[in-house]
Amino acid sequence: MHDPALIAFRPLCMDDLPRVSGWLAAGPARRWFARRDMTYEEVADHFGPIIRGERPTLGYIVIYAGEPAGYVQTYRLRDHPRYWRALQVEPGAAGLDLFIGREDLLYQGLGAAVARRFLREVVFGATDASTCVVGPDPQNRAAIRAYEKAGFRYLKTVRIPDEGSLEYVMQADRADFE
């Protein structure tokens, strides 16, 4: 079990992209987050607008024990109308995505601790989100267990238009983290 006191977040910056690109090239981050091989240029094209504030997403590097360990982001679902309509959740809902990139930290409970702390400090601590949803692939049992441990509850399974993929939608409410 990891010490939650050793978890911190710092805004994603351009200097992080080589590391993030490496994380997305292998392991669970590749399988569940990237879902395909991505060149460095594609990673930069995806995350660059987040870093520059051109996309309504707040992206952070997860720090554990002083070292970069993963990536986490949040966004208002209503800023992504197609996705928001597909999920059919309340207007004040935020979304959350995260992955642990360091293989030596996988499957040890860090993801749940990161999600809990990020919900408390960022999603509900620094935004006016009333609820937060996460949508792992229904086959990603490790992520589902981690989100359950973090305080998320199953809401529904939804097929995402234009992607064709299913998401196992889970929700955590602000009141549970105050």
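Contact here means heavy atoms within 4.5 Å. Keep that in mind as you explore this predicted model.

**Stop 1: a helix across the sheet**

Select residues 110–123, which make up helix α5. This helix lies across β1, β2, β3, β4, β5 and β7. Now show β4, residues 93–100, and compare directions: α5 runs at about 145 degrees to β4. Next, select helix α6, residues 141–150. Helix α6 lies across β4, β5 and β7, and its direction is at about 10 degrees to that of β7.

**Stop 2: the whole sheet**

Hide the helices for a moment and look at the strands. In what order do the seven strands of the open sheet stand? Reading across, the order is β1-β2-β3-β4-β5-β7-β6, and the pairing is mixed. Strands β1 and β6 are at the edges with a single partner strand each, so one side of each has no neighbour in the sheet. Turn the view to see the twist, which averages 30 degrees from one strand to the next.

**Stop 3**

Select residues 7–11 for β1 and residues 57–64 for β2. These two strands pair in the antiparallel sense over five bridges. Find Ile7 and look across to Tyr64 in β2, which stands opposite. How many of the eight residues of β2 are buried? Seven of them are, so to speak, under cover: β2 is mostly covered.

Follow the chain from β2 into β3 and you will trace a hairpin with two residues between the strands. In that turn, click on Ala65, which has a positive phi of about 55 degrees.

**Stop 4: the β6 edge**

Move to the other edge strand, β6, residues 153–159. Six bridges join β6 to β7 (residues 166–173), and the two run antiparallel. Select Thr157 and you will find Tyr168 of β7 opposite.

**Stop 5: helix α3**

Bring the helices back and select residues 40–51, which form α3. At 1.5 Å a residue, its twelve residues should span 16 Å; the end C-alpha atoms are 15 Å apart, which agrees. Which residues of α3 are buried? They are Val43, Ala44, Phe47, Gly48, Pro49 and Ile50. An α-helix has 3.6 residues a turn, so residues three or four places apart point the same way. The buried residues of α3 pack against α1, α2, β2 and β3. After the helix comes Gly53, with a positive phi near 75 degrees.

**Stop 6: Arg36**

Step back to the loop between α2 (27–34) and α3, and select Arg36. Is this residue buried or partly exposed? With a relative accessible area of 41%, Arg36 is partly exposed. Leaving aside neighbours within four places in sequence, Arg36 is in contact with Arg30 and Glu42. Show the side chains of Arg36 and Glu42 to see a polar contact of 3.2 Å between them. Leu24 is twelve residues from Arg36 in sequence, and their C-alpha atoms are 8.8 Å apart.

**Last stop: two cysteines**

Finally, select Cys13 and Cys132. Cys13 is partly exposed, with a relative accessible area of 29%, whereas Cys132 is buried at 0%. The structure holds zero disulfides.

Definitions and conventions
Residues numbered from 1 in each chain as written. Predicted model: local features only at pLDDT ≥ 70, side-chain atom pairs only at ≥ 80, totals over all residues. Heavy atoms only, no water. Buried < 20%, exposed > 50% of the residue type's maximum accessible area, 1.4 Å probe, protein only. Helix = DSSP H or I, 4+ residues; strand = E, 2+ residues; numbered from the N terminus. Pairing = 2+ DSSP bridges. Polar contact = N/O pair within 3.5 Å; in protein donor to acceptor, adjacent residues only side chain to side chain. Axes fitted to C-alpha atoms, helices over the stretch in contact; angles between N-to-C directions. Expected span 1.5 Å × (residues − 1). Disulfide = S-S within 2.5 Å.
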